[in-house]
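Me: Hello! I am new to this structure and would like to go through it step by step. Could you help me read it?

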Amino acid sequence: MTEKGAPVDFFNKQAILSGERVPLILSAVHYDVVKESNDTAMMGQYINDDSMIPETTWENYDSIPYAARWLNGKEEKYNAICWEDRSDFTPEKKQGEHPSSQVGWHPGNRSHQWQGRKLAMVVLHALSAAFEKWEEGMQGQVNSGCTLPETYWHVGPHYETIRKHLKTHVNTPTDGEDVRSKCEEMYPELKRICRVEMHGYGMWTPRSHQAYDFLSRIKPALNGYKPYVIDGGNIYNGFDLLPLNQAIPDGDVDVHAIAIATTNPPPDLDHNWIEDDEGDTANKENTTETSTQPPRRQILRKASELAFKEVAKMEQEINNNDNDQQNLQAEIANNNMHEDDNTRMLDEEGAIVPGRGWEVHGWKKMDGFCDGSAQSECNRMSEQGCLLAGANDNHLDIMGNSLSGWLVFSVPVVNEGIILARMEWWCGVKHSLTVDWTEVNDGKTTETTPKWNETRARRNLKPTKDQFIPTDLEMDIAVNNGEIKTMKRDEWIEYTKEPSKNCAVWPLLYDESGTTYQKGETVEVAIRFRSKLMPQQSYCISHIYYS
């Protein structure tokens, strides 16, 4: 499942061009990024090798540090379980012994720990070198009353130099030798994505920025309907307990305990509050009984909020603030566009109205805090048989067909005239919203009576293109107040090619001249599918990428 080839080159370039910071990239494959950045990109080699650690056997295992044992996978390859008993909550559904996919070809948790420790060593050595440089810069500054020169701790100009070089050098000549990068070979007709900063909205998790959900950009139909996700319905909240079988044995180094060691005082918690079996609370302050009893439900909930939920809230605030400028521009632009109607007069024949036949489709149709961090609270529904797995992996998308009408959405702060959609031509299961319809929007395009439909569809196995792409398929695309452009089947099917597994993108806007949009403004996009031969055939959109 590891990506190879051109997508790796694209990923490396976007890691450099996008975001606030330029990262150090540790990868076995660099392609020509160093040369293309004029030897300024920070690239390194990540060595996947454990040959320096002796092989563990039952005869020598007690002489090898705990963290270095059984890297050969012969024993203790997996230690994940599905539930650890706790005093504040007991699941009604019987939990499994361990998560699924604990199979022979997966490396196991000890291998992942070994890789993580090596990365941690890189960070620690880098911090040590940084402090040495800091001290060097301070020499002679203290006595003179001067602070450390900014050149020692401001790296922004260095980042800009790397990005400028990369944008300049990744440029295919119009004639002569073909020197295209691997990234440009991936999409020859969309080669600008290899040298501009791309952004995106998506519906897959984990997703660190919860605000970047594609659903948030979709315009509702006249009756108020828009695709939506059912709330996850977590049956408990807060942090999970450390399984006892994962506790570090006495006498071995506990890296986590070292990392969280602090001189800060513990949270100010009222340990006198307890909760009885019926859920009632009583304040037993200043009584001998409660001083010897362990904290129960209420204290655990409060500890959870202080230790994790507040951190998660702070993290989300930081994530949102990272894009303050972009969000502000988007909000201003949105307020200036179509303030009081949902009708877009984009062609002479009639208005483009957001359709009411689009719905959420995918693996698990539920919402939740699934950011991939240790604070995530994901996949904790009552029907879950392995709650401690906490799987954040979920693929959702927006599904529609020729009867669904227009899907209208906005894309903020478009600077380079690029808007791409990741779509699935093969997701075409029966569409629960349009299954009984015979005309677009069930003939109710302009009806405003609210109606919601929570029926969901299931994913099918991947079929052939001839089965799911009718010969008369057309996709209409309208951008802002411009003309409707139609992509017919022959052109549309060209974009079904997948540079990486299950990842095909269609260009909705690719305007290098800047004639169809205003730089830095919000762009509104409307798309629809049309087919008389197979009007119920559905297609799915999971991500929007733009620059």
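This is a predicted model: local features need pLDDT of at least 70, side-chain atom pairs count only at pLDDT 80 or more; totals for chains, interfaces and linings use all residues.

Me: Which residues are linked in a network of salt bridges?

Reply: Side chains of opposite charge can pair when their charged atoms come close. A search of the whole structure finds 20 salt bridges. The residues linked in a network of such bridges are Glu474, Asp476, Lys488, Arg528 and Arg530.

Me: How many helices and strands does the chain have, and what share of its residues count as buried?

Reply: The chain has 11 helices and 17 strands. Among contacts between residues at least 6 apart in sequence, 76% join residues at least 24 apart. The chain has 547 residues, and the share that count as buried is 40%.

Me: Is helix α1 largely enclosed by the rest of the structure or largely open, and which of its residues are buried?

Reply: Helix α1 covers residues 6-17, and its end C-alpha atoms are 17 Å apart, which agrees with the 16 Å that its 12 residues should span. Of those 12 residues, 9 are buried, so α1 is largely enclosed by the rest of the structure. They pack against β1, α2, β2, α4 and α5. The buried residues are Ala6, Pro7, Val8, Asp9, Asn12, Lys13, Gln14, Ile16 and Leu17.

Me: Which residue just after α1 takes a positive phi?

Reply: Look just past the end of α1, where the phi angle is about 85°. The residue there is Gly19.

Me: How many residues apart are Glu512 and Arg192, which form a salt bridge?

Reply: The closest N and O atoms of Glu512 and Arg192 are 3.9 Å apart. This pair links distant parts of the chain, with Glu512 in the loop between β15 and β16 and Arg192 in the loop between α5 and β3, a separation of 320 residues. Glu512 is exposed because its relative accessible area is 60%.

Me: Is Asp397 buried or exposed, and which side chain does it join in a polar contact?

Reply: Asp397 sits in strand β10, residues 394-400. Its relative accessibility is 1%, so Asp397 counts as buried. The polar contact of 2.7 Å joins its side chain to that of His361.

Me: How far apart in space are Met423 and Val505?

Reply: Met423 belongs to strand β12 and is buried, with a relative accessible area of 2%. Leaving aside neighbours within four places in sequence, its contacts include Trp492, Ala504, Trp506 and Phe529. Although Met423 and Val505 are 82 residues apart in sequence, their C-alpha atoms are separated in space by 6.1 Å.

Me: Which residues make the nonpolar surface patch, and is Leu124 buried or exposed?

Reply: The patch covers about 750 Å² and is made by Met121, Val123, Leu124, Leu127, Phe131, Trp134 and Trp153. Leu124 lies in helix α3, residues 109-138. Its relative accessible area is 52%, and over 50% means exposed, so Leu124 is exposed.

Conventions. Residues are numbered from 1 along each chain as its sequence is written. Side-chain values use heavy atoms; hydrogens and water are left out. Patches are made of residues with over 30% relative accessible area and no salt bridge: like charges are joined within 9 Å, nonpolar side chains (Val, Leu, Ile, Met, Phe, Trp, Tyr) within 5 Å. Accessible areas come from the Shrake-Rupley method with a 1.4 Å probe; for residues, only the protein chains shown count as cover. A salt bridge is a side-chain nitrogen of Lys or Arg within 4 Å of a carboxyl oxygen of Asp or Glu. Helices (H or I, at least four residues) and strands (E, at least two) are DSSP runs, numbered from the N terminus. Buried means under 20% relative accessible area, exposed over 50%, partly exposed in between (1.4 Å probe, protein chains only). A polar contact is a pair of N or O atoms within 3.5 Å; within protein, one must be able to donate a hydrogen and the other to accept it, and residues adjacent in sequence count only if both atoms are side-chain atoms. The expected span of a helix is 1.5 Å times one less than its number of residues. Contact means heavy atoms within 4.5 Å.
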